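The entries follow the order in which I turned to them.

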Amino acid sequence: AMLTAVSTSILVVSLPALTLLYQLFNPTILSFPWTSSFNKTKDKKTTVVFAGSFNPPHNGHLVMIQYLAMRYKEVIVVIGMNPNKTYLVQPETRADIVRKMVDTLELSQECNVRVKVVSGYIWRYAMANNAKILFRGIRTWEKDGGEERALHILNLWGPLLYGPMKWPVPTHYLEGNPKYTSLSSTVIRDRCRKIKSTLKEKTNSNDNNNGTSSNLNDGSGDSDNDDLNLRGLVPKEVEMDIINAYC
């Protein structure tokens, strides 16, 4: 009887650990067009978190938000913040840009999207807000899986190690629309650096020639150069917001 009790105790302890290890090495990845396991009745009662740095946000993020908003009852777009870290563009500024992007979507009144800046563990915030799934956006697992692995471990084991002692909120990964697989926040930041450099050169040139400075707002024609705008990368409604923030 004692041996049976010990065996049962070992089984009770090991099964959850094995389940978490399985989830770690077999993450749930939804490939575009993200239609698998769609349960309209259940999903429309579900709150989910879509977490990322959104540094800056772009069209690839926006189509994911649109999909989640149409599928679930409530979507909380979360931008993580470390109070001890200095940011080039503050999280709240990025949150404002995301909100403006969400406003460009044609969503029904039933779709509820909130944007929040969160300091602390995002999995803990998800639990506190009764979120059933924590989503992360990736281009592909091959491209981004290495960087996501550490966060995946934290999301799985964090609640058990740091509390509250609850079963973790599952993390699901949305692989991007193939149309945007070459698009990333890094691409936009690089483009902004090029815009800034070009405008600085033009300003110096105009100053030397006693001319007036040129910028992307003056209709001088530079905005038609694909290297000097963010057209097709972000909604036009936020293009200048991102250029002003990152350039």
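Which residue's side chain does Asp96 meet in a salt bridge? I looked this up in what is a predicted model, and found that the partner is Arg99, with 2.8 Å from N to O.

**Entry: charges on helix H4**

I noted that Asp96 and Arg99 sit 3 residues apart in helix H4, so about one helical turn separates them. Salt bridges with shared partners join Glu92, Asp96 and Arg99 into one network, and in the pair of Glu92 with Arg99 the closest N and O atoms are 3.1 Å apart. I then checked how open these residues are: Glu92 counts as partly exposed at 40% relative accessibility, Asp96 is partly exposed at 43%, and Arg99 is partly exposed at 30%.

I also looked up Asp103, which is placed in the loop between helix H4 (91-102) and E4.

I traced an open sheet of 6 strands in the order E1-E6-E5-E2-E3-E4, with parallel pairing. E1 and strand E4 (112-119) are the edge strands, each pairing on one side only, and neighbouring strands are turned by 30° against each other on average, direction ignored.

Strand E2 (residues 47-52) runs parallel to strand E3 (residues 74-81), and 6 bridges join them. Along this pairing I found Thr47 opposite Glu74 in E3 and Ala51 opposite Val78 in E3.

Is E2 enclosed or open to the outside? I count it as largely enclosed by the rest of the structure, because 6 of its 6 residues are buried. Side chains in a regular strand alternate between the two faces of the sheet. In E2, both faces are covered, with Thr47, Val49 and Ala51 buried on one side and Val48, Phe50 and Gly52 buried on the other.

Going back to Glu74, I saw that its side chain meets that of Arg114 in a salt bridge of 2.8 Å, N to O. Arg114 lies in strand E4 and Glu74 in strand E3, so this pair ties together parts that are 40 residues apart in sequence. Glu74 counts as buried at 14% relative accessibility, while Arg114 is partly exposed at 29%. In the whole model the count comes to 8 salt bridges.

**Entry: aromatic rings**

The count of aromatic pairs comes to 7. I looked at Phe32 and Trp34, which form an edge-to-face pair, 5.0 Å centre to centre with 90° between the planes. The rings of Trp34 and Tyr67 have centres 5.1 Å apart and planes at 50°, so I recorded this pair as tilted. Trp34 is in the loop between strand E1 (28-30) and helix H2 (40-43), and Tyr67 is in helix H3 (residues 59-71), so the pair ties together parts that are 33 residues apart in sequence.

Trp34 and Tyr67 are both buried, with Trp34 at a relative accessible area of 3%, whereas Phe32 is partly exposed at 36%.

**Entry: a nonpolar patch**

Last, I looked over the surface, where Leu15, Leu18, Leu21 and Phe25 form a nonpolar patch with about 400 Å² of accessible area together. Leu18 belongs to helix H1 (residues 2-25) and counts as exposed at 51% relative accessibility, the cut-off being over 50%.

Note on methods
Residues numbered from 1 in each chain as written. Predicted model: local features only at pLDDT ≥ 70, side-chain atom pairs only at ≥ 80, totals over all residues. Heavy atoms only, no water. Patch = residues over 30% accessible without salt bridge, like charges linked within 9 Å, V, L, I, M, F, W, Y side chains within 5 Å. Areas by Shrake-Rupley, 256 points an atom, 1.4 Å probe, with all protein chains shown as cover. Salt bridge = Lys/Arg side-chain N within 4 Å of Asp/Glu carboxyl O. Helix = DSSP H or I, 4+ residues; strand = E, 2+ residues; numbered from the N terminus. Buried < 20%, exposed > 50% of the residue type's maximum accessible area, 1.4 Å probe, protein only. Phe/Tyr/Trp six-rings, centres within 6.5 Å; stacked < 30°, edge-to-face > 60°. Pairing = 2+ DSSP bridges. Axes fitted to C-alpha atoms, helices over the stretch in contact; angles between N-to-C directions.
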